Amino acid sequence: MTGQMAKLLTTGAILFSAGAASAQDGAARTVADAAVQAEADKAQAGVVDAADPARDAGDAVIVTGTRIQRPNTTSAAPVTSVLASDIRAQAAVNVEEVLNRLPQVAPDSQQNYADSDGRQRIKLRNLGFERTLVLIDGQRIGTQNGQDVNIIPTSLLERVDVLSGGASSVYGSDAVAGVVNFILKKDFEGIELNSNYNFYTHDNRAGVVTPVARASAFPTVGGTSKDGGRVDVTLTVGKRLFDDALRVSGFVNYRHSDVIPYGSRENGACYLLQTVKDGPLTCQLSTYSPSGYIQPGSGASSGQQLVNNPDGSRTFVPYGVGVGNAANPFDGYSYQRQSERINAGGFVTLKLADAAELYGSGIWFRDKSFNRFPPRVLAFSAYGGTPYQVNCNNPFLSGSQATTLCGAQAGTGATVPIDVRYRFEGLPQVLDTYINSGTRATAGIRGDFADAWHYDVGGVYAHNRQDITFGNFPDFDRVNRSLNVVTVNGVPTCSATVSGVDPACVPFDAFRAGNADPALANYLFAARSGTTTGVGTLYDATANLTGDLGTYGITSPLAEQGVAIAVGAEYRVDTYRSFADATYREQNGGSDYKLRQSVREANVEVQVPLIEKQSWTHLLQLNAGLRVSRYNTNPQTFTTWKLEGVFAPIEDITFRGSYNKAQRAPTVIEIRQATQNDFGTQGGLQNDFCAPVPRQIADPNNPGQVITTTAPLASREVCAATGLADALYGSPTLLCPDNACTVRTGGFTVDPETAYTKTIGIILKPRFVPRLVFSVDRFLIDLKDSIGYNDYSYYQNGCLSSGLPYFCSLIVRNPDGTLYSPPASNPTTGFIGQGTSNAYKTKAHGWDFQGQYTLRTERYGIVDWSFNGTLTTLAGGQDSPILPKRNCVGYYGNGCGQLIPKWAHTLRTTYTLPGGAFGVSLNWRHTGKLTNASNSGDPALGYTADGVRTTFAGISAQDYFDLAFNFSVGKQFGFRIAANNLLDKTAPVIPNSYDISLSRNNTIPQRYDTLGRNIAVGATVRF
């Protein structure tokens, strides 16, 4: 389905349905207590979830953070619950947009990454997605490496529970940072069509990037952009049969996003560089120019960098900044990726008796997205060391061009070596295609028996597959043949056509600007990179038994409820298989592999109310849990546990605390990244930092200007720390071929990591202010032996800046001092190391503040306030005992990739008319300031007195406002419209953004609204 068809479909659905759930659902609720309490407060406030009016009052409520099911459970650990009402007010199309607003979540935005694989994962407390366990209705979503939360349509969400802090004793390994539990609307009756359409509108005002881009002759955009249309349509049907014994429901969801290229925003006109502190700004240039880049390989002009004069004169001019001389290498990239997704699934329960209810569910998904690149003739070095060849009597060469390339041989049939790089404008983009598909199925049996016991025996099967197909690229032999051109009857013709070697050859006029011959492109772009595939599978079988021992009189004499207990067992198998077709292997190398890991676990949990509803103590309760895990990939047996307490001296005030030990074994991918011995070449422009390389430094005689010098980047002392002999310091023999040293991935031993998580907090629910809830919680997550992947640059840059053995030992030299070895030789020296290993310590500390207040009046309606804020005090750690402690809160750069401000919050205010016919909601999102780590004053973060910046020293606090309106006609029809980033606030600009956020659009798209104001309209109709 095309994007245009999708827009028409959604527009039609909106006009037809003109509906939303009851406007009373517009009240956004991020509550401070357990998920059960969220539902209770919701009912107390008179808020009805009209999206599911058939829900039985007695239906079980899923509690996140415990296996014990009780209707009045009070959470001993902070749980943030985001209800369906908040999601609808936000008009979210993807689940990632819902979670990115929570201060507890390190935001991610896969739709804004040009090099994303299209899957959305969650990172609580910025401790990595591997440490965040994601559940759907209390069961694992799938494998850690293959999870994609966007398989869940936002319209199916009843709520999202976020439990931050260790939960391994309840849910098993991976729950080190916490748990995100998606609670779905499974018990649905009727027919519902839910449709959303949104787009971006942005006033492109000239900014920091604009004059720099114009100086490089790059086009800039102005005026108002209206683009990035996104469609989300869900059809849900359900039926209850046989006196409600059988309940069946299903859904189909379709989503589509239009591409937004970098060049459509004023801050994406070029990739901004600042190579020297406080130095001038420049745009990164590409030799892949629409004018054509030529580098002679012989004669007096050998090595000169030239481009065809864009005036059409068939002369060469020097490569560099100027009209047509260079190109923006990233202007074809996607600010928002083009994507298309289909999700479908269903839920079924069959109640045979109170003691036996069968249940099952299934979700199928397929997502297709693209990375876009302009078609380019690649440098010969992309294929090896053999240059292209051009004949000196080529009819496309003018006399001066032939002389430059061939010298005295100009006009003859001789061939000379040449490098050609050419970018074709106006032709279809080359697309790298990412297809994510899979299924997730659950099945089981559960029930109640003997008045006190509940059991649940079931399992999850999850299968995810990712196929990556890189776009076609020029075939080396065809480029070579197309450059050897002669005149036949006055017509330029390939010599290969004349000889019969290649009758289909199309001549390549590489010696004029603006060649965009589609026939030539079709001929040249015949080579394929093929397809590489990764398949992950989860088999998870669980058996859980919970009981209320109060039925047997096991109750504290001062409590109403008895002791509750839960016991369980789990067997889980994770597999991953990687393979590729012959074309991919031919072009990219590598090998197929299979990985497998299994674990057996047993757990017990107990909940002991000691005192309840006494005149001197309202509640005193202790909880404890223990889990034993045994992985087949590790000889150790893991033991994780939790201790929790809840104390309410009076009903208005509750103190709570928890202490958790969580352990995580490496995933199958992490094990391979640690142990494999794969060799490749280093990318980018780095070389051996002990070799003489051109680099820019501040001009000591002209402040603010830069000069180019040729010298090693590292000092003699640092080079000696890598094992280099002093006599070789600065020797040209250290230069790696093609500026790419050898990199070895693997060679590490990775052990389990352990986290100790402590939370302590207070909940205030004063009776003299009904419907007010406020909580403050202190969290401390201390992780030791943390598992993480560090690429070669981590060790190279760490050694360069510190000279410490921890880093420098991974720079392993050959006897002659070089860092290059042919990968096929399986070398033991001559490489830079990278891979997954155990670091020393990682920490995340801070405070969570949550509040909610609902003001109800029969005459004027309901006003609801919901607040969620986090004050982060520590995010960082220590890489080894000999390295300093790092605290990256509020900083970016110099290895501080967390991008965590000290303070962030959301505050939503919602007003609903009596009867719910109309509601309006205003949300305020605040992100605190970020400071460049060079200005931190902390040497551990790279601070030096000489390194203090006066330009781009930080990013000011950012505030966004979102406004939403809901209109409803009864519970069947409704309409909503929302404006996110209402004031069209422009995202802050930083140079060298790829080093900060892995994006080349001069900002931090994970953290800030980068595309402008988002206008959304949506509707729901129920039958």
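Cys896 is buried (under 20% relative accessible area; exposed is over 50%, partly exposed in between, with a 1.4 Å probe and protein chains only), its relative accessible area being 2%. This is a predicted model, in which local features need pLDDT of at least 70, side-chain atom pairs count only at pLDDT 80 or more, and totals for chains, interfaces and linings use all residues. Residues are numbered from 1 along each chain as its sequence is written, and side-chain values use heavy atoms, leaving out hydrogens and water.

**Exercise 1.** Find the partner of Cys896 and the handedness of their link.

*Solution.* Start with the sulfur atoms: a disulfide is a pair of cysteine sulfurs within 2.5 Å. Cys896 is joined to Cys888, S to S 2.0 Å. Finally, turn to the torsion: -70 degrees about the S-S bond makes the link left-handed.

**Exercise 2.** Work out which parts of the chain the disulfide of Cys690 and Cys719 ties together.

*Solution.* First, confirm the bond: the two sulfurs are 2.0 Å apart. Then place each end, remembering that helices (H or I, at least four residues) and strands (E, at least two) are DSSP runs numbered from the N terminus. Cys690 lies in the loop between strand S32 (678-681) and strand S33 (693-698), and Cys719 in helix H13 (residues 716-721), so the parts tied together are 29 residues apart in sequence. Last, the S-S torsion is about -115 degrees, so this disulfide is left-handed.

**Exercise 3.** Determine the handedness of the link between Cys799 and Cys808.

*Solution.* Their sulfur atoms are 2.0 Å apart. The S-S torsion is about 100 degrees, so the disulfide is right-handed. Both cysteines, Cys799 and Cys808, are buried.
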